[in-house]
Amino acid sequence: MSTQGRIRALHSLERRIEDEVRAEAERQARRVPWLTLLEYRKRHIEWEAFTLWVHAIEEAEHRAPEWLCRMVEVNCPGIKHSKGIKLWKRSDTWKQKTIFAKPNREGWMRGVSFFAVRDLEYSWNWAYWGYCEHQWSVRRPASYPSLEEWKSAADNCPDEVLDSSGLREERKELVKAARRVGSEQLKRAVGTYLEIEAFAYWLRPILDAHLPLPGKVRDEIRSRYPSLKVCDEWNRDQMWDRLKNSHFQEAQAERWFDAVVYTAELHPRRTKVIDYFSLYWSGHWPKRKPASYPSFESWRREAESYMPDGCDLESASPAPS
């Protein structure tokens, strides 16, 4: 086999393994309320930043300074001292047994970690950690930043740090876009995207069946999106595109819309809505009595609390595009 052939085979194997891991992570995530899953993913990102900070200092010093040991002991009460095991490894083990004891015990830790490490905030923390390890190995600083100072520096590091990291090119561009817009504005945009997408799923059975919109549904569309022209001839793709284009003009013009989509697609709230539609609602909606169609808020509450049990999870359909 040629060198190029071996490279293609390796990439194919990597993609297959990642697909298998993702499928298992999604299977585990479906068993957990989305708010719980989201909270644990946030904790994972926060604790990983702590571990990276300890790791960078310990590697630069070739040991764990006393002040760093005290800091770890404060943040990780009851951590065990093991001779020959690095401090950052001990803190990593401690968090798995304490902070993440519940998902590890109940068998849904991969549903936390797989998506957490793909979060854009995790990516820029990781890139900044690599930068610090390289810089500090060349020249140790006179003093080290506190954890909060380190995290702030990671948030505000120049694009050159990302460019020199081992992140994939597409991930680098997404991280840069997210940093340009800022976490709060990105969070609001993601929330809007999730609501619009859920709204599209709520309407999808009627639109797919080419039925007239019931009066209550028509009124709710007008109430939520008054600038959207209501039309019985819509198909779901047209409505989805119109809603996206009307709410994300700035993001598209300033080239950070891809970061919105990427972040939204990782969100556990979205997974619940798609599962509910694909595994339940598309086969149970009131086809004979569309006038009794539930309100969007009622439908969304049901969707977001949905727990599939004994369903064919492979049948979950992709989001509107």
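Mentor: The residues lining the largest pocket divide into 14 nonpolar, six polar and 11 charged. Here Ala, Val, Leu, Ile, Met, Phe, Trp, Tyr, Cys and Pro count as nonpolar, Asp, Glu, Lys and Arg as charged, and the others, Gly among them, as polar. This is a predicted model, in which local features need pLDDT of at least 70 and side-chain atom pairs count only at pLDDT 80 or more, while totals for chains, interfaces and linings use all residues. Residues are numbered from 1 along each chain as its sequence is written, and side-chain values use heavy atoms, with hydrogens and water left out.

The lining has 31 residues, and K42, D119, E121, K187 and T263 lie nearest the centre of the pocket. The elements that give two or more residues to this lining include α2 (34–61), α7 (120–138), α11 (183–208) and α15 (257–266). Helices are DSSP runs (H or I, at least four residues), numbered from the N terminus. The volume of the largest pocket is about 1000 Å³. A pocket is an open set of points on a 1 Å grid over the protein atoms alone, where a 1.4 Å probe fits, with protein on both sides within 12 Å along at least five of seven lines; lining residues have an atom within 4 Å of a point. Grid points are joined across faces, edges and corners, and the volume is the space filled by probe spheres set on them.

Now to α11. This helix has 26 residues and reaches 36 Å from its first C-alpha to its last, close to the 38 Å expected at 1.5 Å a residue; the expected span is 1.5 Å times one less than the number of residues. At W202, α11 bends by about 40°, and the proline P205 follows within four residues. The bend is the angle between axes fitted to the seven residues ending at a residue and the seven starting there.

After α11 comes H210, with a positive phi near 55°. H210 lies in the loop between α11 and α12 (215–224). Most residues other than glycine have a negative phi. H210 counts as exposed because its relative accessibility is 63% (exposed is over 50%, buried under 20%, partly exposed in between, with a 1.4 Å probe and protein chains only).

H62, in the loop between α2 and α3 (66–75), has a positive phi near 60°. At 71% relative accessibility, H62 is exposed.
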